[in-house]
Amino acid sequence: MTTAKICGLSTAPTLDAAIRHGASHVGFVFFTPSPRDLPFAKAAELAARVPTHVQRVGVFVNPDDALLEQAVLAGSLDILQLHKTASERADAIRWRFGLPIWAAVAVRTRADLDAAATYRGVADRILYDAKTPDGAALPGGMGLRFDWDLLAGFRHPLPWALSGGLDPANVADAIRVTGAELVDVSSGVESAPGIKDETRIAAFLQAVNA
Ligand SMILES: O=C(O)c1ccccc1NCC(=O)[C@H](O)[C@H](O)COP(=O)(O)O
């Protein structure tokens, strides 16, 4: 069975929709350039609505300890998802915070997958995400997808999740092609950047569970 993380939630109604329709994980973004950046007070308010069977994932871009400390506390985070974070730094974060680590690996070519092995013994899961263009403001959440066939025959060093450009119309195909056990979506369930759409969240999760 495939499960799903709805990333970049920032309102109670859309968070509640994700939970009601069966998300296994909800993502809170802590990155100020993002339209999904979550103030700590809002993170605390949303975190309190999340039942124990759903995990709260904090999403970061090479974060420092001060940001992590505040976010972990405010968002009652269960998992830390790290983008653009070298394995040595990810390991230090793991030891300091004692929380599971998801390492994002940005993929455009088959060679990009090699980075996954550097997180062996450090990360609990690899999130394969589409590589965003050089100079882009965000390393994720841009609705870009990579060639799923790149994953064919790849020996995954760790449990993994598929991300990047998924939406209600393509997620079933993505699962069929890649065999992903966990999928992750952000802009594919939005009506505009940073604005989650309850109908699209429901459609995405129904497609995952179909
Ligand atoms: O979504 C963001 O704004 C974001 C900002 C900084 C780092 C990561 C970010 N998103 C990470 C995610 O987990 C997204 O869900 C993932 O990149 C897929 O996004 P999309 O292609 O829009 O579904």
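How many of the five residues of strand β4 (residues 79-83) are buried, and is the strand largely enclosed by the rest of the structure or open?

Reply: This is a predicted model, in which local features need pLDDT of at least 70 and side-chain atom pairs count only at pLDDT 80 or more, while totals for chains, interfaces and linings use all residues. Residues are numbered from 1 along each chain as its sequence is written.

Four of the five residues of β4 are buried, so the strand is largely enclosed by the rest of the structure. Here a residue is buried if 20 or more other C-beta atoms, placed from the backbone, lie within 10 Å of its own, exposed if 12 or fewer do, and partly exposed in between. Strands are DSSP runs of E with at least two residues, helices are runs of H or I with at least four, and both are numbered from the N terminus.

On one side of the pairing, β4 runs parallel to β3, and five bridges join them; two strands count as paired if DSSP finds at least two bridges between them. Within this arrangement, glycine 58 stands opposite leucine 80 of β4.

Leucine 127 counts as buried because it has 26 C-beta neighbours inside 10 Å. Leaving aside neighbours within four places in sequence, its contacts include Gln81, Trp102, Val105 and Asp184, a contact being two C-beta atoms, placed from the backbone, that lie within 7 Å.

In α2 (residues 40-47), the buried residues are Ala43, Leu46 and Ala47. They cover an arc of only 95° around the axis, which puts them on the same side of α2; the arc is that of the directions from the helix axis to the C-beta atoms.

As for the setting, the protein chain has six helices and 10 strands, and 42% of its 210 residues count as buried. Among its contacts with a separation of 6 or more, 53% join residues 24 or more positions apart. The C-alpha atoms fill a box of roughly 40 × 40 × 35 Å, taken along the principal axes.
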